Amino acid sequence: MSFYEDRILPHIIDRACSMGQVMKLRSQVVPHAKGRVLEVGMGSAINMEFYNPDHVEMVYGLEPSDGMRRKAQPNLARSPIKVEWLDLPGEKIPLEDHSVDTVLLTFTLCTIPDWHTALQQMRRVLKPGGELLFLEHGESPHDGTRKWQHRITPGWKKLAGGCHLNRHIADLIRNAGFEILELENLYIPKAPKIAGYIYKGRAIKPVEA
């Protein structure tokens with residue numbers, strides 16, 4: 001890992017992902033988590049303040065970046081919820097099958113290189129009937145914005161930790177075998193449209209799976 005990725009990028013990502021409107025969206029998604037939670041791409045643990053300690057038993061925080069885990073310490077110290085770090089990437093979740101009640105994804109699917117394998121791993125560890133909560137940015141349905149997303153992404157991801165602007169998040173989740181129960185799409189107010197088209201909702205792992 002380069003100096004930029006370890007020491008500089010975590011601060012940039014944390015700042016971008018903790019703006020007021022983004023935090024408002026997080027506050028609408030994270031409280032729905034319950035039981036044993038797997039948070040994929042936990043980052044600096046900025047979601048901790050939104051977990052309901054009466055409903056959450058513990059959180060597995062999947063975060064391969066040393067820089068992000070260091071930056072998370074103050075947020076973890078303020079929370080009463082137990083967190084256990086998992087320092088492998090999303091494609092290699094070191095948990096047993098059917099071992100978590102909720103999987104939480106917030107601004108993570110854009111960066112995972114092999115998103116399909118990662119989502120299959122999330123589906124594997126999620127109990128049948130368990131929920132995948134998601135808050136992600138991705139491909140816009142509007143031609144002008146979508147064209148620029150595809151044009152800019154190759155350079156953008158080199159500077160933004162692998163972030164893709166042009167992934168259709170809902171299709172990725174469905175293709176991994178989840179059933180989407182709720183989906184809301186919107187642009188983050190005052191954010192650049194190429195990086196601000198949001199997919200927010202929840203999906204379920206079918207019981208027969």
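Begin by selecting Glu131, Glu182 and Arg202, which are linked in a network of salt bridges, a salt bridge being a side-chain nitrogen of Lys or Arg within 4 Å of a carboxyl oxygen of Asp or Glu. This is a predicted model, in which local features need pLDDT of at least 70 and side-chain atom pairs count only at pLDDT 80 or more, while totals for chains, interfaces and linings use all residues. Residues are numbered from 1 along each chain as its sequence is written, and side-chain values use heavy atoms, with hydrogens and water left out.

Arginine 202 lies in strand β7 and glutamate 131 in strand β5, so the pair ties together parts that are 71 residues apart in sequence; strands (E, at least two residues) and helices (H or I, at least four) are DSSP runs, numbered from the N terminus.

Next, select alanine 203, also found in strand β7 (residues 197-204), which is buried with a relative accessible area of 0%; buried means under 20%, exposed over 50% and partly exposed in between (1.4 Å probe, protein chains only). Leaving aside neighbours within four places in sequence, alanine 203 has contacts that include Glu131, Phe134, Ile173 and Phe178, contact meaning heavy atoms within 4.5 Å.

Lysine 200 counts as buried at 11% relative accessibility, whereas glutamate 184, at 38%, counts as partly exposed.

Finally, move to helix α3 (residues 66-77), where aspartate 66 and arginine 69 lie three residues apart, about one turn of the helix, and their side chains meet in a salt bridge at 2.3 Å, N to O.
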